Amino acid sequence: MKNQAQSRGVLFGMAKEHPKLILCLALLLSALSLFYTWRSMEFLTGRDDLMPKNTSFHRDYRAWHAEFGDTEDIVVVIEGSDSERVGAFGTRLFETLSKDKAHFSDVFYPYGLPFFRKNGLMFMPLEDLKALHRSLSLAGPVLTDLSRAPSVQTLFTHLTGRMEKYVAGDSAQLPGIVFMLEKLGVGFETFGSGKGEQGISLESFMMDGDSAFARAGRQQVLTVLPVKQAQSFVPAEAAIATVRQEVAKLKKLPEFKTVTVGLTGTPVLEHEEMATSQKDIALATVVSLALTVILLLIAFRGVLNVIAAMVSLLVAVALSFGFATAAVGHLNILSMVFAIMLIGIGIEYGIQLVLRYQEELVLGEAELPAIAIGLNRNIWAIVMAAATVAAAFITFIFTDFKGISELGIIAAGGVAICVLVTFTVLPAMLVLLARYRKARPLPVTPEAREHLKRREFALYRHPKAIVAATAVLCIASLYPLSRIAFDYNLMNLQAKGLESVTYAYKLMRSSENAGYFAVSTANSAAEAAAKTKALEALPTVDHVVSFATFVPDHQEEKLAELAAMRKELASVNPGAYEEDLSLMELPTVFENFRNATVKLAAKLKDERNPDAPKVQKFLGILDAFFAKLEKEKDRNAVGMLQDFQGGMFRELPEKIGVLKESLQASPVTEGDIPAELKSRFIGKSGKYQLQIAPKGEIFDFAPLKRFLDDVRRVDPHATGEPVMVYESMTIMRDAYQRAFLYAFGAIVLILLVAFRSVKFAVIGLIPLVVGVLFMVAGMYICGISFNSANIIVMPLVLGIAVDSGIYMINRYRREEGSAGSVVTSSTGVGVFLNTLTIMASFGALMVAHHQGVFSIGAVMSLGMVACQIAFMVTLPAVLTLSGRK
């Protein structure tokens with residue numbers, strides 16, 4: 001005890017004798033630390049930097065990358081209702097980006113390859129190709145007429161004539177008439193509604209809009225492999241900016257006004273995640289500091305002590321940055337939050353010291369003795385409290401995740417620095433500022449002093465009721481504890497509404513452009529075929545894309561269908577489109593067309609023909625279309641008709657030409673597959689890649705696990721993004737569960753050392769368990785799941801919250817007064833203020849748009865509120881019932 005007392009005297013003696021020297025050294029070291037950080041600190045933006053490297057699944061992933069190259073492409077998703085227009089946009093963008101070798105090492109656009117332009121229809125399912133043939137046969141007569149004179153008059157006059165023939169008895173006309181009227185009805189409904197193209201596209205005549213081939217045409221993908229700038233904060237930033245710039249230029253062209261484009265892919269997701277989180281954390285840091293200052297002003301009731309505490313805190317944070325730079329050398333998206341953590345954690349030690357100092361002043365002590373008491377009475381409690389927090393952070397080191405273990409090292413070192421600064425810089429600041437304080441009021445009387453020591457709230461007179469109510473609530477919290485889930489969907493961590501996230505979801509949900517697939521490899525074509533057959537038989541697999549996919553099936557039958565269609569279109573040779581509406585003729589043309597439609601509908605109704613409802617429905621659509629034209633008669637009717645006709649026929653010659661070209665396909669062999677495709681599916685050593693698309697969404701744990709369990713029955717070494725997400729998240733979840741148990745065990749040992757009593761160690765754990773149960777119940781009520789970001793809170797809550805118990809139990813055992821009076825003492829007020837400052841620092845993260853950062857703040861705030869209730873209400877009741885020792 002003598003040595004301990006001497007060491008305490010040495011700490012205060014240094015602050016008393018050399019306050020200016022201590023402060024100058026602290027400020028100098030802080031400046032050097034910040035300069036060192038600015039010059040040497042790096043930032044890791046890749047998600048791989050957070051993942052374990054020594055696992056079998058990661059080795060499989062690295063082997064796949066080594067075989068097939070970097071697959072972290074910028075993905076450009078191009079969408080529109082007209083596949084030809086979408087394709088034109090993609091082709092123009094492909095041509096531009098391919099020339100830029102400074103930013104892009106590879107640009108891949110399947111639609112732009114001559115191979116697909118020529119043989120695209122060969123990849124349609126045979127039944128879809130037959131359906132296309134049927135549609136072409138039905139539309140053939142009208143296309144022949146339109147090829148000679150592409151206009152609204154030609155279209156309506158042609159259909160009027162055919163309807164009149166049917167009414168006159170030519171029943172062979174009906175299938176073609178009904179087909180055309182249905183297609184026209186869709187065009188009339190969408191025209192002028194903002195739902196895509198103006199009028200009818202050629203595709204709407206030719207094929208089912210819900211077919212896989214049609215969907216693939218309306219949503220096309222261009223991928224770009226960026227040249228990464230190693231010195232850049234975000235290595236692909238320049239490449240991303242260049243793609244966005246070229247997309248914006250094309251979007252300004254009138255022919256692409258109905259095309260929508262979005263960027264996604266790993267580089268874009270990481271770029272937007274880092275940019276968003278960086279802004280969020282900068283804002284949160286400012287908010288946290290502001291809230292902390294406001295809370296200290298209220299608690300300390302003066303500016304001088306706030307200045308002393310904040311100077312000490314900023315010195316601690318600055319020195320912690322220098323330590324982080326020296327110990328680790330870089331930050332990642334998780335360890336970036338450590339500065340905010342230190343604001344809340346580091347200030348708590350100063351709060352305990354300053355409040356006890358202020359309490360002693362009120363009780364009549366002089367300035368310097370009051371500072372000495374504030375320091376000496378808190379050294380043991382602060383060291384033990386800091387040890388629990390440091391222990392919680394140190395448990396991160398035992399996880400397999402590099403990024404998380406680095407956060408543990410950085411934060412644990414930061415906590416130690418905060419304690420050292422609290423014991424040196426803060427007392428020195430208080431000593432320096434003592435001379436500037438206003439005259440103190442007269443000391444309180446002994447009676448008032450005794451009253452201050454023993455005052456407590458009426459609530460604490462009913463300890464049994466408090467403990468009973470706590471027990472009931474804890475039992476009720478077991479149900480939420482059993483139901484709380486871990487969210488495996490990394491997209492839920494991103495800011496809401498980000499373009500990259502929106503388009504990533506679109507690709508994940510697209511079977512035609514599946515952007516979220518598992519990968520298997522095979523050593524030969526025969527093995528690849530066998531694996532493909534086995535994989536496609538699985539209930540959770542939609543299809544498999546491999547090198548063999550690009551050799552169409554049923555080629556003989558498909559080529560026969562294409563030959564028949566070429567014959568159908570032989571007489572269709574449209575000339576150049578001329579925008580001539582022949583306005584004088586249109587009223588008569590429209591009237592004749594409507595009259596013919598009315599007669600057709602009546603005849604079909606009389607005959608009880610099953611097509612009667614379709615024609616009747618079209619008649620209603622037609623009347624609505626004419627009413628729209630009538631409404632615009634004096635304003636823009638002519639312009640509407642020009643748009644309608646132009647939308648249908650302006651590009652008809654070009655589209656007929658493209659269609660005819662696509663009918664010229666010839667037999668496809670493996671030798672015809674272009675090198676650009678071959679290199680993506682046959683690796684450097686000759687291995688074959690199989691991309692396995694899931695059937696349905698696999699964002700959540702259960703469907704993801706079912707999908708991977710199925711795939712691994714065929715190939716235990718399957719890899720790809722879903723495997724990496726599942727395995728990494730599972731390891732992370734399990735690692736934090738272990739860290740939680742390690743932290744709990746470390747806290748038990750620290751409490752035994754701090755109190756030298758099993759009884760009080762157990763008492764210190766009771767409110768901790770209560771607080772954690774309440775926190776999980778609060779998460780369940782608020783609809784918050786654990787995820788790869790906020791699960792960090794679990795061991796932290798233990799380490800940070802138990803500080804309250806250490807301060808309060810230490811005060812209760814060492815000084816006079818009831819357990820309830822501890823709550824109203826400077827220690828209790830300090831505990832309450834500690835909680836508020838930690839909530840302010842972590843809660844400031846809730847300003848973040850990044851959902852992962854937001855969830856850290858939300859869960860930590862819930863945890864601190866829950867633990868505050870447990871330590872401020874339950875702990876005094878348990879102490880009262882247990883008796884003093």
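Start with a charged cluster: select Arg 356, Glu 359, Glu 360 and Arg 811, which are linked in a network of salt bridges (a salt bridge being a side-chain nitrogen of Lys or Arg within 4 Å of a carboxyl oxygen of Asp or Glu). The structure holds 20 salt bridges.

A word on ground rules before moving on. This is a predicted model, so local features need pLDDT of at least 70 and side-chain atom pairs count only at pLDDT 80 or more, while totals for chains, interfaces and linings use all residues. Residues are numbered from 1 along each chain as its sequence is written, and side-chain values use heavy atoms, with hydrogens and water left out.

Select Lys 531 and Asp 715: they form a salt bridge, with the closest N and O atoms 3.3 Å apart. This pair ties together distant parts of the chain, 184 residues apart, with Lys 531 in helix α21 (residues 525-536) and Asp 715 in the loop between α28 (701-714) and β10. (Helices, H or I with at least four residues, and strands, E with at least two, are DSSP runs numbered from the N terminus.) Are these two buried or exposed? Both Lys 531 and Asp 715 are buried, where buried means under 20% relative accessible area, exposed over 50% and partly exposed in between, using a 1.4 Å probe and protein chains only.

Next, pick Glu 246 and Lys 249, a salt bridge with its closest N and O atoms 3.7 Å apart. They sit three residues apart in helix α11 (residues 237-251), so about one helical turn separates them. Glu 246 counts as buried at 16% relative accessibility, whereas Lys 249, at 46%, counts as partly exposed.

Then try Asp 553 and Lys 558, whose closest N and O atoms are 2.9 Å apart in another salt bridge. Asp 553 is partly exposed at 45% relative accessibility, but Lys 558 is buried at 1%.

**Into the core**

Now select Phe 300, Tyr 349, Phe 393 and Met 775, the residues with the most contacts inside the largest nonpolar core, which has 198 residues. Such a core is a set of buried Ala, Val, Leu, Ile, Met, Phe, Trp, Tyr and Cys residues joined through side-chain atoms within 4.5 Å. Helix α17 (residues 402-434) gives the most to this core, 19 residues. A second, separate core has 52 residues, including Leu 132, Leu 146, Leu 586 and Leu 629.

Zoom in on Phe 300: leaving aside residues up to four places away in sequence, its contacts (heavy atoms within 4.5 Å) include Ile 351, Val 354, Gln 358 and Leu 833.

**A strand with two partners**

Select strand β7 (residues 518-522). Four of its five residues are buried, so the strand is largely enclosed by the rest of the structure. It pairs in the antiparallel sense with β9 (residues 688-694) over five bridges, and Ser 520 stands opposite Leu 690 there. Pairing here requires at least two DSSP bridges between the strands. β7 also pairs antiparallel with β10 (residues 719-720), over two bridges, where Val 519 faces Thr 719.

**Last stop: confidence**

Color by pLDDT, the predictor's confidence in each residue from 0 to 100. The protein chain averages 83, and 87% of the residues score at least 70. Where pLDDT is low, the predicted coordinates should not be read in detail.
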